[in-house]
Amino acid sequence: MRRIYFLVPDITITKRIVDELLLARIDERHIHVVAKRGTELEDLPEANLLQRTDFIPAVERGLALGGSAGALAGLVALALPPASTVIAGGVLLASALAGAGVGAWAGGMIGVSTASSRIKQFEAAIEAGQLLVLADVPMSRVEEIEGRIKAHLPTVEIEGTEPIIPAFP
């Protein structure tokens with residue numbers, strides 16, 4: 001999946017874009033709208049916490065760093081005489097898993113409190129009253145979806161695509 005970003009001037013055009021995406025068989029759960037705080041989105045699908053924050057990238061970084069630190073701690077524990085003879089690889093595995101769990105948790109706590117770095121570049125336009133539409137589409141359909149939107153709404157600016165979207169948000 002790839003995420004396409006559309007910067008839209010008003011809510012009427014945003015509704016037309018969402019309708020066009022739905023007609024193109026993009027599920028509503030893959031369409032997200034970001035607007036200035038206090039803007040009434042009516043029946044448009046509002047972006048949730050996973051889209052508005054850096055939660056997913058922070059969890060991924062925390063998982064990698066915590067797992068690495070845990071594995072390193074496990075190797076140190078293996079070097080100590082009592083642990084190396086009794087439970088060998090169990091210490092390494094347990095410490096790597098514990099480190100990964102703690103790292104993912106800590107990364108998630110940091111990520112949920114940090115605004116999305118990708119959406120941050122649109123902050124001025126959003127505060128000026130424009131709306132940002134995020135659409136998660138299959139890689140093979142990116143050009144088709146962009147073409148459909150441009151054909152019906154030539155004033156909409158396509159702000160680019162994000163390379164890879166995790167499967168679960």
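A salt bridge is a side-chain nitrogen of Lys or Arg within 4 Å of a carboxyl oxygen of Asp or Glu. In this predicted model, aspartate 136 and arginine 3 form such a pair, and their closest N and O atoms are 2.7 Å apart.

**Salt bridges**

- How many salt bridges does the structure hold? There are five.
- Are aspartate 136 and arginine 3 buried or exposed? Both of these residues are buried.
- Another salt bridge joins the side chains of lysine 15 and glutamate 42, with 2.2 Å from N to O. This pair links distant parts of the chain, 27 residues apart: lysine 15 belongs to helix α1 (residues 11-23), while glutamate 42 is in the loop between β2 (31-34) and α2 (49-52).
- Lysine 15 has a relative accessibility of 28%, so this residue counts as partly exposed. Glutamate 42 is partly exposed too, with a relative accessible area of 47%.
- Aspartate 27 and arginine 29 also meet through their side chains in a salt bridge, at 3.8 Å from N to O. Aspartate 27 is partly exposed at 40% relative accessible area, whereas arginine 29, at 60%, counts as exposed because the cut-off for that word is over 50%.

**Nonpolar cores**

- Which residues have the most contacts inside the largest nonpolar core? They are Phe6, Ile17, Leu21, Val133, Ile145 and Val156, in a core of 22 residues.
- Several elements, namely β1, α1, β2, β3 and α8 (142-152), each supply at least two residues of this core.
- Take a look at phenylalanine 6: leaving aside neighbours within four places in sequence, this residue is in contact with Leu131, Leu132, Val133, Ala135, Ile149, Val156, Glu157 and Ile158.

**Threonine 14**

- You can find threonine 14 in helix α1. Its relative accessible area is 0%, so threonine 14 is buried.
- Which residues does threonine 14 touch, not counting those up to four places away in sequence? The list is Val8, Val33, Leu44, Leu131 and Val133.

- Val142, Ile145 and Ile149 are buried in α8. Seen down the helix axis, the buried residues of α8 fall within an arc of 75°, so they line one face of the helix.
- Here is a handy rule for reading such a pattern: an α-helix has 3.6 residues a turn, so residues three or four places apart point the same way.
- What does the face of α8 turned away from its buried side carry? On that face are the exposed residues Glu143 and Ala151.

**The largest pocket**

- The largest pocket contains about 530 Å³ of space.
- Its lining is made of 20 residues, and Val34, Ala35, Lys36, Arg37 and Arg52 lie nearest the centre.
- Two or more residues of the lining come from each of β2, α2, α6 (117-120) and α7 (123-127). Helix α7 gives the largest share of the lining, three residues.

Terms used:
Residues are numbered from 1 along each chain as its sequence is written. This is a predicted model: local features need pLDDT of at least 70, side-chain atom pairs count only at pLDDT 80 or more; totals for chains, interfaces and linings use all residues. Side-chain values use heavy atoms; hydrogens and water are left out. Buried means under 20% relative accessible area, exposed over 50%, partly exposed in between (1.4 Å probe, protein chains only). Helices (H or I, at least four residues) and strands (E, at least two) are DSSP runs, numbered from the N terminus. A nonpolar core is a set of buried Ala, Val, Leu, Ile, Met, Phe, Trp, Tyr and Cys residues joined through side-chain atoms within 4.5 Å. Contact means heavy atoms within 4.5 Å. The arc is that of the directions from the helix axis to the C-beta atoms. On a 1 Å grid over the protein atoms alone, a cavity is a set of points where a 1.4 Å probe fits but cannot get out, and a pocket is an open set with protein on both sides within 12 Å along at least five of seven lines; lining residues have an atom within 4 Å of a point. Grid points are joined across faces, edges and corners, and a volume is the space filled by probe spheres set on the points.
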